[in-house]
Amino acid sequence: MNILVINAGSSSLKYQLYNMKTEDVLAKGRVERIGMDSSILTHEVENQPEVREVSEILDHTTAIKKVLDMLTHRKFGVLRNIQDIQAVGHRVVHGGESFSESVLVDQNVKLEIRKLFDLAPLHNPAHMMGIVAVEANLPNVPQAVVFDTAFHQSMPPSSYLYAIPTVLYRKHQIRRYGFHGTSHDYVSKRAAEFLGRPLEKLKLISCHIGNGASCAAILHGKSYDTSMGMTPLEGLMMGTRSGDLDPAVVPFAINKEDLTLNEVNSMLNKHSGLLAISGISSDMREVVEAMNDGNDKAKLAFEMYAYRIRKYIGSYVAAMDGVDAILFTAGVGENSAPLREAVCRGLTFFGVHLDADRNAVRSSETRRITTDDSGVSVLVVPTNEELLIARDTYRLVKDKTAVESRF
Ligand SMILES: Nc1ncnc2c1ncn2[C@@H]1O[C@H](COP(=O)(O)OP(=O)(O)O)[C@@H](O)[C@H]1O
Ligand SMILES: CC(=O)OP(=O)(O)O
Ligand SMILES: [Mg+2]
């Protein structure tokens with residue numbers, strides 16, 4: 001079975017096509033600048049040069065059409081025709097309290113995702129456009145949705161409630177949900193395999209440090225707490241997001257700077273974090289480069305970023321009364337040795353002893369970066385959210401086919 005995995009953003013759409021028999025990626029790529037002038041489709045097939053196509057792509061339906069055309073292209077394609085795609089799996093960031101696992105798309109599921117537009121205005125409307133666009137281009141092909149929030153539905157109320165009047169939770173579901181669940185789930189399972197120990201016996205802290213960043217306390221295989229909240233703004237300092245701050249800052253800044261609510265929202269989501277403090281970039285590579293060139297603002301941004309991660313790790317050791325392994329994943333977590341070093345420098349009290357040579361190794365494999373006698377292991381575990389989405393989609397479609405064939 002071939003499964004197309006889609007991660008639709010407001011102006012972009014990433015895709016990967018899997019052959020589920022081997023779990024091989026047949027092709028992958030992305031469409032950027034949807035709805036703007038000169039949209040770009042980048043398409044990659046292993047051992048072949050990357051293909052870049054610039055054209056006008058006004059909406060997600062056209063973007064999906066372009067992707068399907070590329071996948072069946074005479075020269076660059078990997079499929080004979082689009083009927084060779086048997087199912088589509090989507091990343092959906094917000095599943096609210098309605099979804100604690102992946103599901104097949106039907107009218108009801110679409111209605112529920114729509115109800116959550118308010119809670120994830122940057123993400124969910126884009127995912128819905130992706131789902132509708134697939135319906136238009138591939139009618140009758142089953143679609144599944146895999147939620148960032150689902151893995152964190154196991155959090156106890158003491159982790160997910162805000163200490164505000166409970167009427168706000170009852171009436172509007174204002175609570176902490178957590179995100180990047182697909183990644184935290186995937187890397188915790190990989191870590192248990194790597195350590196050769198049952199996940200149900202482990203206390204893990206997973207640090208997904210990418211553009212968006214979050215930590216999760218994973219107790220015996222289940223999410224016990226995580227740093228993102230009602231939206232992906234809470235918690236760690238990120239590329240352009242502020243992370244935790246005193247909520248009183250919001251009305252204060254609105255008054256002093258005469259800002260609108262939209263402006264303050266945009267400030268905290270798009271103009272804060274590494275970008276604001278360094279004054280250089282939201283990209284960790286550029287911040288580290290500037291820091292190494294002696295730029296003080298870049299150094300401060302880097303230190304604040306690492307310090308926040310370390311504080312969350314410390315609090316999760318307390319939350320779980322211990323930790324067996326700390327996991328680093330996603331763009332920054334997998335690739336930035338200096339960041340991992342800066343985070344772990346302050347964790348010696350917990351028995352974390354980094355091995356500088358192991359930390360410096362660049363590899364796409366899961367690996368240990370602590371010394372052999374370190375009390376707590378620190379692992380780098382490359383994440384693969386797309387593979388987990390493909391696997392869930394495969395399982396759901398197979399189950400459905402099995403049920404249908406019985407009746
Ligand atoms: N070699 C590297 N060193 C430091 N940071 C890196 C490196 N490679 C990638 N990154 C960081 O990873 C980030 C993207 O992470 P990723 O997990 O792909 O994010 P997202 O999925 O949210 O777009 C980039 O913003 C960049 O800062
Ligand atoms: C939920 C979230 O923050 O996602 P991303 O890291 O893809 O921005
Ligand atoms: Mg990501």
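Arg91 is placed in strand β6, which spans residues 87-92, where strands (E, at least two residues) and helices (H or I, at least four) are DSSP runs numbered from the N terminus. The structure is a predicted model, in which local features need pLDDT of at least 70, side-chain atom pairs count only at pLDDT 80 or more, and totals for chains, interfaces and linings use all residues. Residues are numbered from 1 along each chain as its sequence is written, while chains are lettered from A and ligands numbered from 1 in the order in which they are written.

Arg91 counts as buried because it has 22 C-beta neighbours inside 10 Å (buried, 20 or more other C-beta atoms within 10 Å; exposed, 12 or fewer; partly exposed in between; C-beta atoms placed from the backbone). Apart from neighbours within four places in sequence, Arg91 is in contact with Asn7, Val146, Glu385 and Ile389, a contact requiring C-beta atoms, placed from the backbone, within 7 Å. An unreviewed UniProt entry annotates Arg91 as "binding site".

Around ligand 1 lie Gly210, Asn211, Gly212, Gly239, Asp283, Met284, Arg285, Ala330, Gly331, Val332, Asn335 and Ser336, the criterion being a C-beta atom, placed from the backbone, within 6 Å of the molecule. Two or more residues of this shell come from each of α10 (284-292) and α12 (330-335), and α12 gives the most, with four residues. The shell comprises three nonpolar, seven polar and two charged residues (nonpolar: Ala, Val, Leu, Ile, Met, Phe, Trp, Tyr, Cys and Pro; charged: Asp, Glu, Lys and Arg; polar: the others, Gly among them).

The residues around ligand 2 are Val93, Asp148, Phe179, His180, Gly210, Asn211, Gly212 and Pro232, and they divide into three nonpolar, four polar and one charged.

Definitions and conventions:
UniProt positions renumbered as here; feature names shortened; annotations may be inferred. Contact = placed C-beta atoms within 7 Å.
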